[in-house]
Amino acid sequence: MINGEEVMVPNSLQSITDLLKHLNLHDQVVIAEVNEDIIDNQKQRETQIKENDKIELVRFVGGG
């Protein structure tokens, strides 16, 4: 589940970093939460994701 919606992703995705690249969010400021734990940006690469994880992704958008 990503942001409350069931999303199918390739099995080859193993980390939050992989997921962000797959969703074309890797070059944006994104806060990731996995199963209610906020993942520090520096730990996104080593944080493994698995089936049935509940993932929340929040990105910041500029504007006025």
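Is T17 buried or exposed? In this predicted model, local features need pLDDT of at least 70 and side-chain atom pairs count only at pLDDT 80 or more, whereas totals for chains, interfaces and linings use all residues. Residues are numbered from 1 along each chain as its sequence is written, and side-chain values use heavy atoms, with hydrogens and water left out.

T17 has a relative accessible area of 14% and is therefore buried (under 20%; exposed is over 50%, partly exposed in between, with a 1.4 Å probe and protein chains only). The residue T17 belongs to helix α1, residues 16–22 (helices are DSSP runs of H or I of at least four residues, strands runs of E of at least two, numbered from the N terminus). Not counting residues up to four places away in sequence, T17 touches Q44 and R45 (heavy atoms within 4.5 Å). Q44 lies in the loop between β2 (37–39) and β3 (55–59) and, at 8% relative accessibility, is likewise buried. Beyond its neighbours within four places in sequence, the contacts of Q44 include T17, L20, V30 and I39.

The strands form an open, antiparallel sheet of three, in the order β2-β1-β3 (pairing requires at least two DSSP bridges between two strands). Because β2 and β3 each have a single partner strand, they stand at the edges, and one side of each is left without a neighbour in the sheet. Strand β1 (residues 30–34) is joined to β3 by five bridges, and V34 stands opposite I55 in β3.

I38 is located in strand β2; with 63% relative accessibility, I38 counts as exposed.
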